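Open the model in your viewer and keep the selection tool ready.

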Amino acid sequence: MIKFKQAYEFIGHAENFLSSFFFIVMVVIIFAAGFGRSIGYPIGWAMDTSTFLFAWAVFFSADIAMRKNRHVRVEILVNKLPKKIQSYITLLNYVIIVVFLVFLIIYGIKLCFITRFRAYQGIPGFSYTWVTLSIPVGCTSLLVTILLKIWNLIKSEKIQIFKMK
């Protein structure tokens, strides 16, 4: 379990670094492309590269936000309920997210297969699958995070699923 926790934390740090790096590179590329276009030297591969970086940065950032409980939530009604009911509602939300992520992983893999021969117009020889691969990889990372959150919620004894009183 300790090795898993260390690997999970390492992946979290890697996602944080990569999403920040990709965002910075994306901004630089878009700025350079805009400047180049204004002086008559457009960069043909800028939009395609930015799309690639954006797709990966979005999924890495989504997992970072999920790890830190930073996703948008509307809790005005839920906060008025007893703590035990709040825990069950949180569990229900996590289960819905798990179902959605599994759906995205399955269809993301299918999309990778479908786009394997599609290449970017601006980057010849670079398969569009590298962009669509961000869906199953990012959703798998999110799935692990959600499953750990479910495990911790059940383990915290706020939810009684398999225990008898």
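**Stop 1: the second largest pocket**

The second largest pocket has a volume of about 190 Å³. This is a predicted model. Select Met1, Phe4, Lys5, Tyr8, Glu9, Leu148, Trp151, Asn152 and Lys155, and you have the lining. Now colour by helix. Helix 1, residues 2–38, supplies at least two of the lining residues, and so does helix 5. Colour by class next: 5 residues of this lining are nonpolar, 1 is polar and 3 are charged.

**Stop 2: the largest pocket**

Move on to the largest pocket, which holds about 830 Å³ of space. It has 28 lining residues, and those closest to the pocket centre are Asn69, Arg73, Glu75, Thr90 and Tyr94. Centre the view on these five.

Which helix gives the largest share of this lining? Select helix 3: it contributes 9 residues. By class, the lining of the largest pocket splits into 11 nonpolar, 10 polar and 7 charged residues.

**Stop 3: Asn69**

Stay with Asn69, one of the residues closest to the centre of the largest pocket. Asn69 sits in the loop between helix 2 and helix 3. Check its backbone: phi is positive, about 55 degrees, although Asn69 is not a glycine. Most residues other than glycine have a negative phi.

Is Asn69 buried, partly exposed or exposed? Its relative accessible area is 39%, so Asn69 counts as partly exposed. The class runs between the 20% and 50% cut-offs.

**Stop 4: the nonpolar patch**

Switch to a surface view. Select Phe100, Val102, Phe103, Ile106 and Tyr107: together they make a nonpolar surface patch of about 490 Å².

Phe100 lies in helix 3. Its relative accessible area is 49%, which means that Phe100 is partly exposed. The cut-off for exposed is over 50%.

Val102 also belongs to the patch. Val102 lies in helix 3, which covers residues 83–114. At 35% relative accessibility, Val102 is partly exposed. Patch members need over 30% relative accessible area.

**Stop 5: a distance to draw**

Finish with a distance line. Draw it from the C-alpha atom of Phe100 to that of Ser156. How far apart are these two atoms? The separation is 25 Å, for residues 56 apart along the chain.

Note on methods. Residues are numbered from 1 along each chain as its sequence is written. This is a predicted model: local features need pLDDT of at least 70, side-chain atom pairs count only at pLDDT 80 or more; totals for chains, interfaces and linings use all residues. Side-chain values use heavy atoms; hydrogens and water are left out. Patches are made of residues with over 30% relative accessible area and no salt bridge: like charges are joined within 9 Å, nonpolar side chains (Val, Leu, Ile, Met, Phe, Trp, Tyr) within 5 Å. Accessible areas come from the Shrake-Rupley method with a 1.4 Å probe; for residues, only the protein chains shown count as cover. A salt bridge is a side-chain nitrogen of Lys or Arg within 4 Å of a carboxyl oxygen of Asp or Glu. Helices (H or I, at least four residues) and strands (E, at least two) are DSSP runs, numbered from the N terminus. Buried means under 20% relative accessible area, exposed over 50%, partly exposed in between (1.4 Å probe, protein chains only). On a 1 Å grid over the protein atoms alone, a cavity is a set of points where a 1.4 Å probe fits but cannot get out, and a pocket is an open set with protein on both sides within 12 Å along at least five of seven lines; lining residues have an atom within 4 Å of a point. Grid points are joined across faces, edges and corners, and a volume is the space filled by probe spheres set on the points. Ala, Val, Leu, Ile, Met, Phe, Trp, Tyr, Cys and Pro count as nonpolar, Asp, Glu, Lys and Arg as charged, and the others, Gly among them, as polar.
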